[in-house]
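Please have the sequence and the model at hand while reading.

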Amino acid sequence: MPDSAHRVAIAERAARAGGAVARETFRGDLAVETKANKNDVVTATDRDAQAQVVTTVREEFPDDPFFCEEELVARSGPETAESEPTAVSSVPEAGPAWVVDPIDGTANFVRGLRIWTTSVAATVDGETVGAATYMPSMGDLYASGPETATRDGTTLSVSERTDPETFVVTPVGWWDLDDRAEFGRLCTAVGERFGDMRRIGSFQATLAFVADGAIEGVVCPTPTHPWDTLAGVHLVRQAGGTVTDLEGARWTADSPGLVASNGEAHSELLAAANAALE
């Protein structure tokens, strides 16, 4: 099996394994902690699911480093490799790495809402070569390889809509309570240009829905994290969509914002995203 195909297969296996751990406590008794602010939440399940993803990947790629949302801690037990997994603080420009978000949409998870994901991206020399986004409470697995994008084995394609007035567009990002004016401008810009608007609560799920043709666009004028975006961006591109920065250049992990679409009326999406920054 070619190396890239192997990495896609392991991304799928790891996302399923981590998601299964998270699903065990979904709608259960959770101890919820906060990180950067009172709405930035994390649970022990996030850490346990991430540890399972890491363990699963290391069964096939024991020497690869990881870039994870939560602190990297190996699972204890006989299945754990003797050496500790290597953590990196950014996507390496050379060599392989795995970018992991054990629960993307933790706020949904702790509220008992079903839209949350376990997402795993395999990168080589800074580029995503394969990824998987698993929605454990819904049963869907989105995966993308060098030339494919699928949901549960069915080939995906972005929406064919061309009229912005029929688009569903999703503003993504987070603003503190004292900086909500920017968010308000973004919602106004989307509402003025497009047919409808959604807030999904999971960046990776939102991008998966663009790849699936359910949503026409995503606008995020704020900086993003690779664990929130890499898997979904690869999925959208492999499904025929477009992902750029706020200027319309090809999006990369260090771009200050993100605009994803079905490739139609992308300039309108860019205008909406930039209107929030005025």
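Which strands does α6 lie across, and at about what angle does α6 run to β14? Helix α6 lies across β14 and β15 (258-261), and runs at about 135 degrees to β14.

## Basis of the report

This is a predicted model, in which local features need pLDDT of at least 70 and side-chain atom pairs count only at pLDDT 80 or more, while totals for chains, interfaces and linings use all residues. Residues are numbered from 1 along each chain as its sequence is written, and side-chain values use heavy atoms, with hydrogens and water left out.

Helices (H or I, at least four residues) and strands (E, at least two) are DSSP runs, numbered from the N terminus. Axes are lines fitted to C-alpha atoms, for helices over the stretch in contact, and angles run from 0 to 180 degrees between N-to-C directions.

## The five-stranded sheet

An open sheet with mixed pairing is formed by 5 strands in the order β12-β11-β13-β15-β14; two strands pair if DSSP finds at least two bridges between them. The edges are held by β12 (196-197) and β14 (242-244), each with a single partner strand, so one side of each has no neighbour in the sheet. Strand β11 (residues 168-171) pairs with β12 in the parallel sense over 2 bridges, and Val169 stands opposite Met197 in β12. Helix α7 (residues 266-275) packs on this sheet and touches β11, β13 (217-220), β14 and β15. The direction of α7 makes about 150 degrees with that of β15.

Strand β15 runs antiparallel to β13, to which 4 bridges join it, and Cys220 stands opposite Leu258 in β15. Strands β14 and β15 are also antiparallel, with 3 bridges between them; Thr244 has Val259 in β15 as its bridge partner. From β15, Leu258 and Ala260 point one way and Val259 and Ser261 the other way, and all are buried (under 20% relative accessible area; exposed is over 50% and partly exposed is in between, with a 1.4 Å probe and protein chains only).

## The eight-stranded sheet

A further open sheet has 8 strands in the order β4-β3-β5-β6-β7-β8-β9-β10, again with mixed pairing. Its edges are β4 (86-87) and β10 (154-155), each with a single partner strand, so one side of each is left without a neighbour in the sheet. Strand β3 (residues 65-68) pairs with β4 in the parallel sense over 2 bridges, and Phe66 stands opposite Ala87 in β4.

Helix α5 packs on this sheet, touching β5 (96-104), β6 (117-124), β7 and β8 (140-144), and its direction makes about 100 degrees with that of β7. Helix α6 lies across β3, β5, β6, β7, β8 and β9 (149-151), at about 100 degrees to β7.

## The α5 and α6 pair

Helix α5 (residues 203-211) packs with α6 at an angle of about 5 degrees, and their axes are 8 Å apart. That makes α5 roughly parallel to α6, because angles under 35 degrees count as roughly parallel, over 145 as roughly antiparallel, 65 to 115 as roughly perpendicular and the rest as oblique. Residues of α5 that meet α6 include Phe203, Gln204 and Leu207, and those of α6 include Trp227, Thr229 and Leu230. By class, this contact has 11 nonpolar, 3 polar and 1 charged residues; Ala, Val, Leu, Ile, Met, Phe, Trp, Tyr, Cys and Pro count as nonpolar, Asp, Glu, Lys and Arg as charged, and the others, Gly among them, as polar.

Thr229 is in helix α6 and, at 0% relative accessibility, counts as buried. Thr229 touches Phe203, Gln204, Leu207, Thr224, Trp251 and Leu258, not counting residues up to four places away in sequence (contact means heavy atoms within 4.5 Å). His234 is also found in α6 (residues 226-238) and counts as buried at 9% relative accessibility. Among the residues that His234 touches are Thr128, Val129 and Ser144.

## Nonpolar cores

Of the 34 residues in the largest nonpolar core, Leu207, Val218 and Leu258 touch the most other members. Such a core is a set of buried Ala, Val, Leu, Ile, Met, Phe, Trp, Tyr and Cys residues joined through side-chain atoms within 4.5 Å. The elements giving two or more residues to this core are β7 (127-135), α5, β13, α6 and β15, and the largest share, 7 residues, comes from α5. A second, separate core of 19 residues includes Ile10, Val54, Val100 and Val129.
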